[in-house]
Amino acid sequence: METNSWIPILPEQASSFAWQIDYLYFYLILISVVFMVPIVLAIFFFAVRYREKEKYASGAEIHGSIALETTWSVIPFLVSMTIFLGGAVVFYNQYRIPDDPDMNVYVVGKQWMWKFQHETGQREINELHIPVGRKIKLTMTTEDVIHDVSVPAFRTKADVVPGRYTYLWFEPTKPGKYHLFCAEYCGLNHSGMGGFVYVLEQRDFDNWLSGNASGATPVEVGRDLFENKLGCASCHAGGPAQRGAKLEGIYGKDVKLVGGQTVKADDEYIRNSILNPGSQVVEGFQPIMPTFKGQVTEEQLVGLVAYIKSLSGVTGTNTLGGTGGSSGTTPPTASGPASNSTAAPRADRGAGNTQGSNPNAPGPRREPTNSNR
Ligand code: CUA
């Protein structure tokens, strides 16, 4: 199945920007050869031509030559600028995340495995199934040390760092099975921390999705935590009991903090507000929110962030309240958007003690009643 790119030692080109990186490499190699060959030849030529004929002869004195010095400064300058410009273009194509990805996947690294979660609830370990020809965005973090997601066939990689989110995107261009590596030394089994990315035709991907038991989606996990397990709703749900900032419509907006500072309410801000609430208190509120550090796993945090995003109508595919403005106006009280679920809290499938168990095991789940997938 593996067919190589036009440079035989490189892995297959399987993403939309893979060829650009290969051209850039080829260009760098070409420049190196173009400079190296004349220099090596000149070394041999001069060694012969100007070899020592009499002992202790001193060479002729050389005074500067403006023309020569200008030439050997300007040409390398121009050459290095083409490297800079080419590199910058490739870099931006590779690391500027598209605003409108077709698919979001959440990634949590852990010694020593990769956990992937789809927006539709499917979970995978050390395997990632994605459709061909779609822009895939990865939102990544780690539960312990720094890891690094690397897919050589896509010519892209990025560190995953504890305590923050990093992002990666790619558009696979060819169905196939591609190696996935951890590219940051992370301890004993670093070399075994990898797996495969399966790029499927859309039809096959749809089959895979429907044939794979989906657990709760990130939004559902987040809503359950928000309303039941962590009790966020008791302060953030609006009404007379509201003591915390209103969260509907907040995502992507600028938030004024105590002290006059303004921050953008992005994934990072939401995550930080849950773990270090005292560090970024919203103007007009008291710093009374307790920290949830140590009480939520990274996967649960991903769910909470996804849920709070969904309150602003920002998600990929299946969200609650996809039928219109209802989610924007209804506070997430226990009788709100959750009314289609059973009132009893479900067994805690997201807790830390279930890590390492089969992510696709049929857990306590409800059928999506307002599904629009
Ligand atoms: Cu994880 Cu190396």
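E220 is found in helix 4, which spans residues 218–229. Here helices (H or I, at least four residues) and strands (E, at least two) are DSSP runs, numbered from the N terminus. The structure is a predicted model, in which local features need pLDDT of at least 70 and side-chain atom pairs count only at pLDDT 80 or more, while totals for chains, interfaces and linings use all residues. Residues are numbered from 1 along each chain as its sequence is written, and side-chain values use heavy atoms, with hydrogens and water left out.

E220 counts as buried because its relative accessibility is 12%; buried means under 20% relative accessible area, exposed over 50%, and partly exposed in between, with a 1.4 Å probe and protein chains only. A polar atom of the E220 side chain lies 2.9 Å from the backbone nitrogen of T217. In sequence, E220 and A306 are 86 residues apart, yet in space they are 8.8 Å apart, C-alpha to C-alpha.

Q117 is buried, because its relative accessibility is 5%.

The backbone deserves attention next. Most residues other than glycine have a negative phi, and most peptide bonds are trans. Q111 and W112, however, are joined by a cis peptide bond, with omega about 0°. W112 is placed in the loop between strand 1 (103–110) and strand 2 (113–118). N126 is not a glycine, but has a positive phi of about 60°; this residue sits in the loop between strand 3 (123–125) and strand 4 (127–131). R155, also a residue other than glycine, has a positive phi near 55°. The loop that holds R155 runs between strand 6 (147–151) and strand 7 (156–160), and R155 is buried because its relative accessible area is 11%.

The interior may be considered last. In soluble globular proteins, nonpolar side chains tend to be buried together. A nonpolar core is a set of buried Ala, Val, Leu, Ile, Met, Phe, Trp, Tyr and Cys residues joined through side-chain atoms within 4.5 Å. The largest such core has 37 residues, of which W114, I130, L138, V149 and F154 touch the most other members. Strand 10 (residues 194–200) gives the most to this core, with four residues. Apart from it lies another core, of 34 residues, including A233, V255, I270 and Y307.

Methods. A polar contact is a pair of N or O atoms within 3.5 Å; within protein, one must be able to donate a hydrogen and the other to accept it, and residues adjacent in sequence count only if both atoms are side-chain atoms.
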